[in-house]
Amino acid sequence: MNNALKQVMTDRRLNIKSKAVYSYLDGLCSDKNSCYPSRKKIAYDLNVNYDTPKKYIDQLVYYGYLEVVKTRENNKFSNNLYVLIRKEKRSQITAGALNWRR
């Protein structure tokens, strides 16, 4: 297990579904830091409702593990680009200071 994935899996602030989404994206991105699956594909592959991944992607963004870049093609929005933030050391903010919806 790489260090970034280990850090995500041991972060108690993250919901188990957030960890599943990160692990999924980590697998798709393989040795790159970014990939661009559609939200429909993410939901299909993880066998969840279409709207479910967004909540957990937002949690990963909030805690600094993921960046979402909106891409445009022919002046219309295309798939999001998901960039995994693979920092070795990440500042740990106390759980009491953050009020993440669970």
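Me: I'm new to this structure. What is a salt bridge?

Reply: A salt bridge is a side-chain nitrogen of Lys or Arg within 4 Å of a carboxyl oxygen of Asp or Glu. Keep in mind that this is a predicted model. In this one, D11 and R13 make such a pair, with their closest N and O atoms 2.6 Å apart.

Me: How many salt bridges are found in the whole structure?

Reply: The search turns up four. Besides the D11 pair with R13, they include R39 with D51 and K54 with D58.

Me: Which parts does the pair of D51 and R39 tie together?

Reply: For this pair, the closest N and O atoms are 3.5 Å apart. D51 sits in the loop between α3 (39-46) and α4 (52-62), while R39 belongs to helix α3, so the bridge links parts 12 residues apart in sequence. As for accessibility, R39 has 24% and counts as partly exposed.

Me: And K54 with D58: how many residues apart are they in helix α4?

Reply: Four, so about one helical turn separates K54 and D58. Their side chains meet with an N to O distance of 3.0 Å.

Me: What are the relative accessibilities of K54 and D58?

Reply: K54 is at 38% and D58 at 27%. Partly exposed is the range between the buried limit of 20% and the exposed limit of 50%, so K54 counts as partly exposed, and so does D58.

How values were computed. Residues are numbered from 1 along each chain as its sequence is written. This is a predicted model: local features need pLDDT of at least 70, side-chain atom pairs count only at pLDDT 80 or more; totals for chains, interfaces and linings use all residues. Side-chain values use heavy atoms; hydrogens and water are left out. Helices (H or I, at least four residues) and strands (E, at least two) are DSSP runs, numbered from the N terminus. Buried means under 20% relative accessible area, exposed over 50%, partly exposed in between (1.4 Å probe, protein chains only).
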